[in-house]
Amino acid sequence: MILSCQNIQKAFLENTVLSNVSFHIEDHEKAAVVGINGAGKTTLLRIIVGELAPDAGQAVLAKGKTIGYLAQNAGLNSENTIYEELLTVKQNLILIEKQMRDTEKSMKTADGTDLNALMEKYAALTHRFESENGYAYKSELTGVLKGLGFSESEFSKPISTLSGGQKTRVALGKLLLLAPDLIILDEPTNHLDLNSIAWLETYLINYKGAVLIVSHDRFFLDRIAGKIIELDQCKSTVFSGNYSDYAKKKEQLRIAEWHAYMNQQREIRHQEEVIEKLRSFNREKSIKRAESREKMLNKIDVIEKPTETRADMHLTLKPRITSGNDVLMADGLSKSFDGQMLFSDIHFEIKRGEHVAVIGDNGTGKTTLLKIINSLIPADAGSFRLGSNVEIGYYDQEHHVLHSDKTLFDEISDEFPYLNNTEIRNVLAAFLFTGEDVFKRICDLSGGEKGRVSLAKLMLGNANLLILDEPTNHLDILSKEILENALNGYEGTVLYVSHDRYFINRTASRILELTGQTFVNYIGNYDYYLEKKETMTAPLPSSPIKTAAVSTDSLSKTDWKQKKEEQARQRKKENDLKKCEEEIEKLEQKRAGLDEEMSRPDIATNVAKLQEISKAQQEIDDILMTLYETWETLAQE
């Protein structure tokens with residue numbers, strides 16, 4: 001075991017974030033922490049690496065083991081170039097190499113005892129240099145930089161001139177080259193393109209140490225993780241397997257919890273009805289039975305109603321009007337920046353109802369293309385045309401459609417003046433903004449919160465062509481699933497740029513890959529794209545589909561027959577129960593008649609008659625006792 005987290009607790013003021021969180025990481029294990037935004041994932045990582053103290057519990061790293069941590073948006077302040085910055089990780093090898101060169105020079109002029117000493121020193125230095133992979137460190141460094149998306153022409157760029165995302169990639173490269181026993185990564189794929197993410201996946205899969213990741217990239221987690229640690233409502237639950245395994249188990253648990261809750265509620269209602277019915281018989285023994293059942297009912301450990309998280313955020317996308325069949329036509333579009341050609345003479349058409357994903361490496365011009373179509377920047381050459389009745393709804397990753405100085409309430413009310421105050425609050429509440437949250441300024445929101453406001457505006461816009469630039473950035477997994485479901489139910493047309501392969505797989509019907517300054521078209525989702533790119537042959541449907549259809553049909557007939565039989569059994573039980581109740585009622589009336597007869601003055605003095613009535617009462621009581629038991633059994637069934 002390399003890491004043990006034991007009963008970790010953390011609260012900020014009165015807000016508990018983590019409560020009794022416990023798990024462990026084995027040597028060489030690849031694990032992931034998942035949970036909604038605000039679940040405490042980053043807080044947990046900061047406690048593990050010692051940046052934050054827990055209120056209780058502890059995180060223990062095995063003795064002699066090293067740990068490396070990459071935070072979200074890890075900044076670097078350095079005067080070095082990219083290549084020089086990564087070289088700082090290999091200073092020990094650079095020093096050994098310098099000592100080797102100095103020793104080689106000294107050996108040329110030394111003799112006798114001095115030479116022998118130098119030769120021994122050189123042999124020791126060489127052995128150490130080889131054992132630490134010294135002869136390959138420069139190619140290793142180059143491979144990491146290229147894998148993370150840096151071209152050789154960028155190696156000499158000063159760190160100070162890089163964007164935040166580029167600095168994070170450099171920090172990730174340094175961490176990988178350090179090769180600690182445990183790597184901890186917080187959202188490592190946020191600033192990587194598809195090729196770099198695929199490279200990082202392969203690197204981590206083959207990494208000899210242990211890895212702990214926080215990520216919302218489900219495709220990435222499927223490839224890397226063998227254990228999922230879920231943070232939900234401040235507590236941790238450990239699942240074996242990758243993300244898809246976890247999602248299946250989680251759904252099974254959710255269904256099981258609901259079934260257990262609903263079954264118990266049904267049983268409670270049923271017992272209450274039985275108790276009420278037994279009391280209505282108004283006999284001493286039936287009342288005792290009712291009291292006995294009531295005591296048992298009060299001892300039941302009532303299951304709390306499971307929370308239905310998916311109901312928290314509502315997203316329904318619906319076009320106001322239907323567009324023509326031809327939605328967007330691009331003819332010979334070209335664009336370059338600072339003398340660098342992004343794309344040249346590209347042609348494509350998008351039809352009504354298509355969900356088209358644009359993919360490609362960083363810097364190929366994907367976002368630029370969307371901006372051209374939104375008329376935010378001009379093309380250098382070529383043109384595009386929108387079809388009839390096309391109305392665009394635009395979601396940009398920088399959220400320029402939002403006004404930073406406005407409050408959330410004003411952002412919605414100014415854009416959609418026909419909404420009243422209650423309607424605006426309801427819309428914002430559907431995107432998890434309630435109470436005083438609606439008066440927050442846009443500039444004070446997190447990236448995920450800005451994304452939710454942009455989605456709210458998108459929902460209200462009723463557009464029939466949605467153009468989305470990285471719509472899943474900063475969204476947690478649950479919010480991504482809500483967006484996926486909304487897009488899959490959307491009747492309009494969608495054109496989007498995304499690096500989220502899981503999202504593309506679930507929502508795209510077609511992929512345009514921007515590569516080599518032009519488009520390559522794939523008619524299918526991301527799995528199809530990967531398969532087609534490898535084999536360049538589309539799979540054909542095979543005959544087992546017919547067999548499956550026949551067996552399904554046969555199964556349907558069996559199910560129908562079983563259902564009919566079950567319905568017949570149920571009707572018989574209901575009839576038996578009704579007959580039992582009628583018999584009880586008839587005997588109760590007869591018993592009441594005997595009671596009344598026994599109280600008559602002329603009977604009270606007739607011993608023989610009293611004995612006869614008493615015997616009849618006893619017989620009725622015995623039959624009623626049997627009928628009560630029969631009724632309880634039938635009612636229970």
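**Helix H15 and its setting**

Author: The protein exposes about 33,800 Å², and carbon and sulfur atoms supply 50% of it. Accessible areas come from the Shrake-Rupley method with a 1.4 Å probe; for residues, only the protein chains shown count as cover. This is a predicted model: local features need pLDDT of at least 70, side-chain atom pairs count only at pLDDT 80 or more, and totals for chains, interfaces and linings use all residues. Residues are numbered from 1 along each chain as its sequence is written, and side-chain values use heavy atoms, with hydrogens and water left out.

Now the part itself. Helix H15 covers residues 477-488. Helices (H or I, at least four residues) and strands (E, at least two) are DSSP runs, numbered from the N terminus. The expected span of a helix is 1.5 Å times one less than its number of residues. For the 12 residues of H15 that gives 16 Å, and the end C-alpha atoms are 16 Å apart, which agrees.

Is H15 enclosed or open? Of its 12 residues, 10 are buried, so H15 is largely enclosed by the rest of the structure. Buried means under 20% relative accessible area, exposed over 50%, and partly exposed in between (1.4 Å probe, protein chains only). Charged residues are among the buried ones: Lys480, Glu481 and Glu484. An α-helix has 3.6 residues a turn, so residues three or four places apart point the same way.

Of the 637 residues of the protein, 43% count as buried. The protein has 20 helices and 18 strands. Its radius of gyration is 36 Å, well over the 26 Å that the globule rule gives for 637 residues, so the protein is more spread out than a compact globule. The radius is taken over C-alpha atoms; the rule is 2.2 Å times the number of residues to the power 0.38. Those C-alpha atoms fill a box of roughly 140 × 80 × 60 Å, taken along the principal axes.

Lys63 sits between strand S4 (56-61) and strand S5 (67-70). At 84% relative accessibility, Lys63 counts as exposed. Gly209 lies between helix H7 (194-205) and strand S7 (210-214). Gly209 is buried, with a relative accessible area of 11%.
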